[in-house]
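Biologist: I'd like to learn how to read pockets in a model like this one. Can you walk me through it?

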Amino acid sequence: MEVFVGGVGMVPFGRHPEVSLVSLLIEAAKRTIEDDGGLEVDCVVVGAMNPEEFCGQGNISAAVVNNLGLSGVPSLRVETASSSGGSVLEVAHWAVASGGFKRVLAVAGEKMTHLPTPLVTKILAEVIEPYERNAGASMVALAAMVTQAYAHEAHISIKRLESVLCKIAVKNHRYGARNPYAQFQKEITEEQYFNSRQVSFPLRLYDCSPITDGAAAMILTSETKNVKLTGIGHGTDTLAVRHRVNLNSFAAARVAAKKAYAMANRDPSDIRFAEVHDAFTCFEVIGAEDLGLLEERKGWKSVERGETELEGRIPINISGGLKSRGHPVGGSGLAQAVEIVWQIRGKVAPERQVKEASIGMLHSIGGLANNNVIAIFEDAQTPPHGFGWAPTYERRIEINRDPKDPEEIKGREGVVDACTVLSVPPEGFPSPLVLGLISTSEGHRVLARAPTGAHFKVGEKVFLEKEENRYVFMKAHPVERLLYKIEKRKENLNAKVKGLLSRWRT
Ligand code: COA
């Protein structure tokens, strides 16, 4: 059964200190039902990543359906980390496509700004694989390492990479300033970008999406409307980033894109504009490459040429993206979908309206690309391809299906695959925190911490040590290793003296 888009709506993103998460969801849902002409829905799908920890709110789908005055209607919650907003769309789509329901309300959001940043960082880090989380990895830190790995693979210097990331940040703030629903209603200059503080090298403040409150909603229906949801795909990848074959692209996005293109019978060349999950600026390039919208490993050149601007070949994140519209984690995927439908219906202000916005693509990432949801929306009048035509989208998809950690490290030598200096670590970790993804001589990859604040280069040889169940890496110089051993002896001796003293005192 074909799936059409009925009403859509969202609340302005930003800080809403006095409003509960449930109220944000209800407001987005009410706007959507009103946009739909007030018709009844026969199912409600609610998305939120972690309302329990952010807000102490459980059983959220029952709270939403109750507060909408729709008790009796089936209601369920869907969660795939920060792609929850994409996944509610997926579930709502299949509910309609299967013929099981006629009119499904999808609503998703998150409330985060009432908590201090280190606590938000800690809650966000719960989506990370436990070993990596316990080593101090946060979402920003892992994203910074992926960014470095991308730059290495694409043969781009860190200096040039920074100017590309700056272009993305400036672009997305420019369009956010034109979007009344965006958290940041202000443009930024290149100078402001380069003067902003490092959060996790090479990512600065303006490379990161902010902490946000917000909600969005959409009604999917089997009744004919002017916008269709023609393709939707979902892919996954290993929970641990260290177990990935490739650090510089997202296999889950590629799997999902392949399914979405095949379902819609479309190709990358059909897509007129896209909302790409730019939780961190580099993800905009990596995401657009994964979708086949930009050339593999050369997407950064398209950014330099302005191809992703409003007037460019393939406008990306003309909403301001997650970077500037904001990122209420569980809600962003659905907000991207609402923006695409508004663009297709010509409902945005002329200064950010995409010309010929007939086919738009949504790209939503869950966790550190553990989940990816891709969707294609079309103006229902857009002609399909002729009979016998098939999509030709092709991208390298490499998923490690047998991830293993080393029993022990024999060689004690390794090579840096990616490295970052994290200035805003999760609660309970020291700042700065130096983290590296290190390949061992036996062919494993581990996440390790460096004891000093030294910078490391991708490809650099290092020494690895194992301390209980965590790894430490240091410059591959015998003096460094000696200093490390002396430091460890001192720590052990101090611990012994403290133990003896406390026994003697008692
Ligand atoms: N981009 C632009 N400006 C930002 C910003 C961002 N990401 N984050 C905060 N700001 C602004 C604030 O509005 C504030 O401006 P003001 O002084 O004019 O009011 C100023 O910077 C300081 O804000 P503050 O809240 O103190 O910043 P912070 O250090 O607590 O948080 C980050 C900054 C980058 C650490 C935080 O936004 C963050 O962790 N982002 C990533 C979130 C994330 O990982 N999401 C999940 C991804 S899947």
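This is a predicted model: local features need pLDDT of at least 70, side-chain atom pairs count only at pLDDT 80 or more; totals for chains, interfaces and linings use all residues.

Biologist: Okay, what volume does the largest pocket have, and how many residues line it?

Modeller: Its volume is about 790 Å³. The lining of the largest pocket is made up of 33 residues, and T117, C208, S209, P210 and I211 are the ones nearest the centre.

Biologist: Which helix gives the most to that lining?

Modeller: That's α5, with four residues. Both α5 (117-124) and α7 (139-153) supply at least two residues each.

Biologist: And how does the lining of the largest pocket divide by class?

Modeller: You get 20 nonpolar residues, ten polar and three charged.

Biologist: Let's do the second largest pocket. What are its volume and lining?

Modeller: The second largest pocket comes in at about 430 Å³. Its lining has 20 residues, with A450, P451, T452, V472 and Y484 nearest the centre.

Biologist: Where does the largest share of that lining come from?

Modeller: From α15, which puts in six residues. Strands join in here too: β13 (433-440), β14 (445-450) and β16 (470-475) each supply at least two residues, as does α15 (478-505).

Biologist: How many charged residues are in this second lining?

Modeller: Seven, next to ten nonpolar and three polar ones.

Methods. Residues are numbered from 1 along each chain as its sequence is written. Side-chain values use heavy atoms; hydrogens and water are left out. On a 1 Å grid over the protein atoms alone, a cavity is a set of points where a 1.4 Å probe fits but cannot get out, and a pocket is an open set with protein on both sides within 12 Å along at least five of seven lines; lining residues have an atom within 4 Å of a point. Grid points are joined across faces, edges and corners, and a volume is the space filled by probe spheres set on the points. Ala, Val, Leu, Ile, Met, Phe, Trp, Tyr, Cys and Pro count as nonpolar, Asp, Glu, Lys and Arg as charged, and the others, Gly among them, as polar.
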